[in-house]
Structures are given as C-alpha cells and as structure tokens.
Amino acid sequence: MAQFFAYISHGDGVADDAALEMITAAKKIDPSASVTAIVTGSGPDLDKVANELTASYPEVWKFNNDALAYPNAEVIRKALVNNLPADCILLTTHDTLGMDLAPGLSIKLDSAYVADVVDFEGLEGSDIKLVRQEFSGQVSTHVKCDAGNGAVLTLRPGVFPADESKSASGNVVDKDAGDVSTKRKYLEVVVAEVGDVDITKSEILVSVGRGIEDQDNLEIVHELAEAMGADVSCSRPIVDAKWLEKSRQVGTSGLTVKPKVYLAVGISGSFQHMGGIKGNPFVIAINKNPKAPIFQVADVGVTEDILEFIPELTEAINEAK
Amino acid sequence: MEILVCVKRVPDTSENEIEVSKDGADIERDDLVYSVNEWDNYAVEEAIQIKDKIGGSVTVITVGDEEAEEVLRREMAMGADNGILLDDEAFEGSDGKGIATILKAAVEKGKYDLILTGAQADDGAAQVGGMLAAMLDMPYASLVNSVDVSDAKKLKVGREIEGGNQEMNEIELPCVLSIQTGINEPRYVGIRGIRKVASVEIPTYTASDLGLGADAVGAGAAKVKRLDYFVPELGEGAEMLEGSTEEKVAKLIELLKAKGGIK
C-alpha cells in the first residue's frame, strides 16, 4: 500500500487535536498503515510540536522555513509538492486551512481528492471506500475513491476518535521546503470584535437559525431568552443576513460557547455550527424539519414551527414564574 | 476588470427536506425546488460590485443542462453581462476534478483577470475553486469575505478563518477566489429583471467545443464516485417530545427547570 502522510496544523506550540484523529483514520483505511506526520512553521514552537508528535508518529517531517511562519496554504502546498512522493495518501483536516490547501494540492500531485470524510470503510485493491455527507448533513453517501495514483483526503474534525496510544517514539526529520515563492502574501490576522454580550460566558443560550425566516421575527426569540434569563446567540445565516452581530455567532467560524443549556430554534445543525458548542451542554432543538441533522446530536427534540411554538413557550414560562 | 463567476444550480435546502430514493441511487428530485447555490449568489454580487466600482464585465458560467440556464439568467438579471452554459452528456458523472477540468477549458477560451466561485455547494466539498486555480497555475484564496480592488495588479482579500477572525492577504492578478457567504448583501431579483434578460442569447459549449476528450471528464475519468445515498443510523439521537403543543411546552419547561435552563 501507498505511503501515508498527515499534514498537521498547530498553534502556540501545540498540535491540533486532529493530529491523533488522523492516526485512527489512517488505520481505518489500512490497519497496517504507518503514517508520517508533516509540520510546517518556524522557530521554537515548531520544534516543540514536532517533538510532541514523535510520541504518536514513527516519523515527523519538519519544514522549518521563515516563509512558513504563518500557515499560508499557497506556500505550504509548494513545500509539500516539492517533497511528497508520487502515489502517496495525504490526510489533513477539513478546516479553513485544509480547504485552502488541499484541493489544489490534489491537482499538483495528480491524485484523487475527497473532502470532509466522516468515516472510512476500508480498502479494496486501490479503492478507498468512505462516507461523507451532502446537503448540509441531511444525507450521507458512500464514496469510492481510486487512490491508485495517490489521494488527498480531508477529514471532518472531531469525528474520528483520538489515538492516545502514544507508543511510536519516532524521530524528527528536517526537510527542505525548496522553492516556495508564491503570488499570495500573508499580511495579518484581524481579530474578531467583541460584542455587547459575551456569549462565550453565557450559561443559558437561546440560539436562532434560518428557521426564523424574517428579521422582525427575532423579537419572539429575544422575548423567550428574556423569560428564561438566557442570552441570544445564532447560526451563520443570521449573521450573513446582518440580523445579528458576528459576536453572536456560534460555530467554527464564529465563537465557541460552553453553556449549561443550549436551546437551538430553527437551526439545522451543520457540523460547523455544532463545532462551536463545547462542554457537553444539555441541547434542546426545536425545528419543523424532522430530518434536521441537529436532532442527531441534541438531547431533546421538538418538531414544531418555531414561529408558533416559541410564543407559546415564552408565555408558559412567564406564567409558571 | 474581466470577471468570471462559476455558479451551480442546486436543490435549495432551505426550501426542501432532502429524502433518499427507495433504492438509494439518488435523492428524491421530483418535487425539489432548485435555485442558485447560495455561496455563488454572493460571488456574483461581489463581481457586480467590483465592476460597478472599477469597470469591466461579469460573465457567469455553469456546467449543467438546459435547466441550469435559468440560474444563469437569474444571475444576469442581477447584473452579470454574459452567461455561458457548458452542456454535454459527456460531462455527466464528473467528479470535482472533472468539473474543474471543464471550467479550465472554458476559462482558456476567454481572458479573465479574476475568477470567483462560491466557497462550497450542495455536496459541501469546497473543492472546485482550488482545483481550478491549481490547473490554471493562478494563486488562490478560499473563504474570502472581503475584496479590496484599489490596486490594478493585486487584490487585498480577507479570508474567514476559525473563531470569527479574518486573515488578510495580498494576491496577484489573475487569481481565483472562493467567496464566503456574508461578504455582501446580494441584491433582490424580481420577475421583471428576469424577463428583461429572457431573450439574451447564452452560448453553449460542448466537450468538443472545449477540446475535451472523454478520458478527461465525465464518469469515465472520475476517480471519485458516489456509490449511494443513505440516511445515517441515528446514534443516540434526540429524545423527541410527543403530544399536543401544550404537552410539549409543559414537558420542555419541566426539562428546562431541571437542567438549569430557566433562571
């Protein structure tokens, strides 16, 4: 079988959680897989991460280069293309770096590409059988990927259990990135503005999604939140529509919250949204679509039209006080 | 600036419950409402705003059948100048790379300074823009949520990254950008607007027009094949509250109180 690699991102000298998930994923493709980790960056943080990973990976490729100090996908892609063997299987994460890096990498390596894999069902010859989702998680599909000429596969973060065995005692190999000149220059990261309410500290959240249909209807959500003593948060479409501030958005592209109770109204529950909910809160979902993916992950579900149900709930809470 | 925007006609998930057909070979498509992919609509709006600012033209392009033409007309009603339909039976069954290959061939028939795609479409792969850029050897930035066109040679673009932060980049033209939702507020298109462009001719290119052989596109070339659709077995799943609305409300309040959800 082909050689396996895992491109691992890191921050503040610590490897991304996906580092251990990718080992599990590789073994689900091929139980005998030996995976080489790849990290890019510069300075002492990079050394720290590379050393950390030797516990889990038999070999860690370290690309130390000032041009890689910030993870600019255009630069990383060139370093990888300059170094990866033909026909290899490269795993990385379906996140904002993976989406930037991986599709083009598959073209440059002339290999197959599958994004956002949620499960692997093994190998038949050179075909990898895997599972992914479509239509915002409403349906799943089995996919056959011909990896005979190599494959680039991005994994959904958090779905493969971490391999905690840490028994690899591997070694770090310094790699030369080669020519990494690009036509895209990283400038800076602009940090998100803090809003009037800090939802990352809220104990109770009423979170509203596309199902609210109209900006004027937000009033009933605010009333419910007031009755419960909760703060109002939301999913991405509400921010896209400019109905609430970005500082109210829960999800991987918004804020990570850790309330005790999370009441999701009219939210379908994409993995990007659910990725922003931590600390195992009690999740209640109200949605008129019984197939909404959020019902797979919520503790309690109610199939109702939120526009009619929320005012009744608010009234009943106020009466019960 | 000459701008090309790649768009796709997709089932509108906000209007439909997606159901798997009995044999799992497809989703139930009979009663589906189709529309332009949401991300693409933002991309078209961004292109029109750039054109309004500094001049040039906006062309919308799609790989699809004659029904996909309605999506092109909708985007032309928004203000795109031209539409191009890429339609051939040989394109059916293409994977992401196949679609990018078709688009690349069409890009090379024109001359564009800037190519936009939506960040992702109905299959959630977010792949075609990055593939197209690599095939064209152009620089690429994904998940773009701001574009500054004040320089004629390079753009300043913001990328949406984790935590609501924004990564700023300088990118040389020509380039490919995938556009994230929320970058702008796409304008409303009325029936009158669509009628205005109803008779505008939309050229159609086939595989042979684009010089594409059967080995490059379609099911034969696809390394990635969807085998079936299925509804995942729910793990634990939510405990669904049953009964009348009143009963559900009562149960919910009981649960909220028990879990500390009412202060």
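A residue is termed buried if 20 or more other C-beta atoms lie within 10 Å of its own, exposed if 12 or fewer do, and partly exposed in between, with C-beta atoms placed from the backbone. The model on display is predicted: local features need pLDDT of at least 70, side-chain atom pairs count only at pLDDT 80 or more, and totals for chains, interfaces and linings use all residues. Residues are numbered from 1 along each chain as its sequence is written, and chains are lettered from A and ligands numbered from 1 in the order in which they are written.

**First stop: strand β10 of chain B**

Select residues 175-179 of chain B, which form strand β10. Helices (H or I, at least four residues) and strands (E, at least two) are DSSP runs numbered from the N terminus. Of the 5 residues in β10(B), 5 are buried, so the strand is largely enclosed by the rest of the structure. In a regular strand the side chains alternate between the two faces of the sheet. Here B:C175, B:L177 and B:I179 point one way, whereas B:V176 and B:S178 point the other way.

Two strands pair if DSSP finds at least two bridges between them.

Chain B contains 7 helices and 13 strands, and its C-alpha trace spans about 65 × 45 × 40 Å along its principal axes. Of its 263 residues, 48% are buried.

Two residues are in contact if their C-beta atoms, placed from the backbone, lie within 7 Å. By this criterion, 70 residues of chain B are in contact with 74 residues of chain A. Elements of chain B that each supply at least two residues to this side include α3 (96-107), β9 (166-172) and α7 (245-258). Select β12 of chain A, residues 184-190: 6 bridges join this strand to β9(B), and the two run antiparallel. Within this pairing, A:V189 has B:E167 as its bridge partner.

**Last stop: the domains of chain A**

The domain assignment, whose bounds come from an automatic or database source, gives domain 1 (4-175) and domain 2 (199-320) of chain A. Their centres, taken over C-alpha atoms, are 33 Å apart. Across the boundary, 6 residues of domain 1 are in contact with 6 residues of domain 2.
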